[in-house]
Amino acid sequence: MDLGLRDRVYLVTGGSRGLGFAAAQALVADGARIVLSAPHEATASSAAARLTRNAAAGHPVAWVVADNADPATPDRLIGAARDRFGRLDGALISVGGSPPGTIATTTDDAWRSAFESVFLGAVRLARILAADLGGTDDGAAEAGSVTGAGGSIVFVLASSVRVPLAELAISNGLFPGLAGVVKTLAGELGPAGIRVNGVLPVRIATDRVRELDALRGDPDEVRARLSEHIPLRRYGEPEEFGRAAAFLLSPAASYITGAMIPVDGGAISSI
């Protein structure tokens, strides 16, 4: 199936590794152009070089060193897309993982830091991107007035949207709120043709998940044990997540908005 991604342009935050990189790979494989961001120059430039080697001819990958917590990041990313490729069609907003900890052990400083990067950074980028895509104009944003031609925004969230996770208090506190933001934005921006969705990855075999597994013991043994509780009896591969994210960003998903799409092998048992 042709996803209709050729020559479209997307921002991919956290695009140098893990789920963000997997989504970027799927996008460029189908002919999209991307601007990826990462907090360090070495990882951002390396990821862009790897992606460019696999991209369609004449479709280089741009990169920006940026942190979602920085208020200047949205304008820098949007500017890079406009300057380099002359258009922008949406974004994958990968907010990153939150540090482990219980409510009792998580400090105020940890909550503030996570709120700035995980929650506010994502909301700020989506709000400014929506205005750029034509979803709101400066004078009518508060009233929810919509204009423009549309696009697609996908938030990478977590299964904590549906089920609290052990010893991940920050994730349990912030990600359900982001899911509410996704649903609200879908309603506000839908009349402009801007779709907003969330993806809920569970046990995708990234370095981040292996690090979390290592906190419980031998990561290979933990993976084998936890796989027994997943209906498909295995962890997902990053490219499986990437294809799902690329689909949601693409015109092929043109009637899907306000949805929380699990990419979980059936692990989330709630309806």
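This is a short talk on the overall form of one protein model and on a few of its residues.

First, the ground rules. The model is predicted, so to speak of local features we need pLDDT of at least 70, and side-chain atom pairs count only at pLDDT 80 or more, while totals for chains, interfaces and linings use all residues. Residues are numbered from 1 along each chain as its sequence is written, and side-chain values use heavy atoms, with hydrogens and water left out.

Let me start with the whole protein. The C-alpha atoms fill a box of roughly 50 × 45 × 35 Å along the principal axes. The radius of gyration is 18 Å, which agrees with the value near 18 Å that a compact globule of 271 residues would have. That radius is taken over C-alpha atoms, and the globule rule is 2.2 Å times the number of residues to the power 0.38.

Of the 271 residues, 48% count as buried. Buried means under 20% relative accessible area, exposed means over 50%, and partly exposed is in between, with a 1.4 Å probe and protein chains only. The protein exposes about 12400 Å², and carbon and sulfur atoms supply 53% of that. The areas come from the Shrake-Rupley method with a 1.4 Å probe; for residues, only the protein chains shown count as cover.

On contacts, meaning heavy atoms within 4.5 Å: among those between residues at least 6 apart in sequence, 74% join residues at least 24 apart.

Now, Ile 204. Where is it in the chain? Ile 204 sits in the loop between strand 6 (194-201) and helix 6 (207-214). Ile 204 counts as buried because its relative accessibility is 5%. Leaving aside residues up to four places away in sequence, Ile 204 touches Leu 19, Val 209, Gly 236, Glu 237, Pro 238, Phe 241 and Val 263. Its C-alpha atom is separated by 13 Å from that of Arg 17, 187 residues apart along the chain.

Glu 239 lies in helix 8 (residues 238-249) and is partly exposed, at a relative accessible area of 43%.

Next, the aromatic rings. How many aromatic pairs does a search of the whole structure find? The search finds 1. Phe 115 and Phe 119 are stacked, at 5.2 Å centre to centre and 15° between the planes. For the cut-offs, rings of Phe, Tyr and Trp (its six-membered ring) pair if their centres lie within 6.5 Å; planes under 30 degrees apart count as stacked, over 60 as edge-to-face and the rest as tilted. Both Phe 115 and Phe 119 lie in helix 4 (residues 108-133), 4 residues apart, about one turn of the helix. Phe 115 is partly exposed at 35% relative accessibility, whereas Phe 119 is buried at 18%.

Last, two backbone points. Asp 7 has a positive phi of about 70° although it is not a glycine; Asp 7 is in the segment before strand 1 (9-12). Glu 167, also not a glycine, has a positive phi of about 60°, and its place is the loop between strand 5 (151-156) and helix 5 (169-189). Asp 7 is partly exposed at 34%, and Glu 167 is exposed at 56%.
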